Amino acid sequence: MTTIGDPRIGIALGGGSARGLAHIAFIEAMDELGLVPAAIAGTSIGALLGAGWASGLSGRDIRQIAYDMLGSMNGLLGRVVALQMPSVRHLFSEGLSLQIDPLRVVEAVLPSSMPQRIEDLSIPFSSVAADFKAWHQVVFTAGPLHPAVAGSLAIPSVFKPVAYNDTLLIDGGVVNPLPLDVAAPGSDILIGIDVNGEPGEWPRAMLPSPLDIGLGATQIMMHQLTAHMMAAYPPDLYVRPHLHAIGLHEFWRVREIIAAGEASKERFKRQLSQRVEGFIAARQRTV
């Protein structure tokens, strides 16, 4: 008897700051279908959630962690303040910085029971960051997990860059907001989850603030980079949940953000099921 193997699914989890919490709905969708990806590649918050998924956490587990940590404005602010409170020695040696240390965020968010090295995760995982000094993409597939994810998260001006070996790591969205190229090798079905959002209506009489301009410019850049990536590595399944009403920094709206992902969840499950069935049928015809 010939056994027809399941397709190897490669999935790219894109960056989008708070909007990236929508990834959780699609992780749950794959759990419900009984599908485990053969490779997970993540950028920015996609790297953070992807690392948890690759460690063996279910989508439901990740959802509960997000609710516990981000479910209220007070809870989120309390965690940020606690992360930023320096020791007296640190304050005198380095001064007070308004930038958040992404390593502390990763340590606070990822369960302590998780493997500390990328190669020890249950699912092959890649974290994408940018090297500020060399101006190119850095892909971590082995080595210490925390600096790889923290570097991918390090949004310029918001987070401190992460010094690791000879690199100075900043947010992977600067170079590759949807890492299809990293998830594609060896994949039979390639999935891209794009959580960058889309343009929203801007009040005609209201001028955007410098912060609005900065964040909006970043989104425009990420949108263009994603378009070029999709042309080079066309995904078999592409999902872009509607997230234009969610601010990039509004993590406390975690329930709304996940709900926005859930609006596309059933369609995603149908499309993915069709892709898997089509792959298996095609392989049977060749046996």
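This is a predicted model: local features need pLDDT of at least 70, side-chain atom pairs count only at pLDDT 80 or more; totals for chains, interfaces and linings use all residues.
Residues are numbered from 1 along each chain as its sequence is written, and side-chain values use heavy atoms, with hydrogens and water left out. Local features need pLDDT of at least 70 and side-chain atom pairs count only at pLDDT 80 or more, whereas totals for chains, interfaces and linings use all residues.

**Salt bridges**

A search of the whole structure finds ten salt bridges, each a side-chain nitrogen of Lys or Arg within 4 Å of a carboxyl oxygen of Asp or Glu. The table lists some of them, including two formed by Lys269.

| Pair | Closest N to O |
|---|---|
| Glu32 and Lys269 | 2.8 Å |
| Lys269 and Glu266 | 3.8 Å |

Glu32 lies in helix H1 and Lys269 in helix H11, so their bridge ties together parts that are 237 residues apart in sequence. Helices (H or I, at least four residues) and strands (E, at least two) are DSSP runs, numbered from the N terminus. Lys269 counts as buried at 15% relative accessibility, while Glu32 is partly exposed at 45%; buried means under 20% relative accessible area, exposed over 50%, and partly exposed in between (1.4 Å probe, protein chains only).

Within helix H11, Lys269 and Glu266 are three residues apart, about one turn of the helix. Glu266 is partly exposed, at 44% relative accessibility. Salt bridges that share partners join Glu28, Glu32, Arg63, Glu262, Lys265, Glu266 and Lys269 into one network.

**Aromatic contacts**

Two aromatic pairs are counted. Rings of Phe, Tyr and Trp (its six-membered ring) pair if their centres lie within 6.5 Å; planes under 30 degrees apart count as stacked, over 60 as edge-to-face and the rest as tilted. Phe26 and Phe268 are edge-to-face, at 5.3 Å centre to centre with 75° between the planes. Since Phe26 belongs to helix H1 (residues 23-33) and Phe268 to helix H11 (residues 265-286), the pair ties together parts that are 242 residues apart in sequence. Both Phe26 and Phe268 are buried. Phe140 and Tyr164 form an edge-to-face pair at 5.7 Å and 70°, linking strand S4 (residues 136-140) with strand S5 (residues 162-164).

**Second largest pocket**

The second largest pocket holds about 720 Å³ of space. Of its 27 lining residues, Arg19, Gly200, Trp202, Gly216 and Gln219 are the closest to its centre. On a 1 Å grid over the protein atoms alone, a pocket is an open set of points where a 1.4 Å probe fits, with protein on both sides within 12 Å along at least five of seven lines; lining residues have an atom within 4 Å of a point.

Conventions: Grid points are joined across faces, edges and corners, and a volume is the space filled by probe spheres set on the points.
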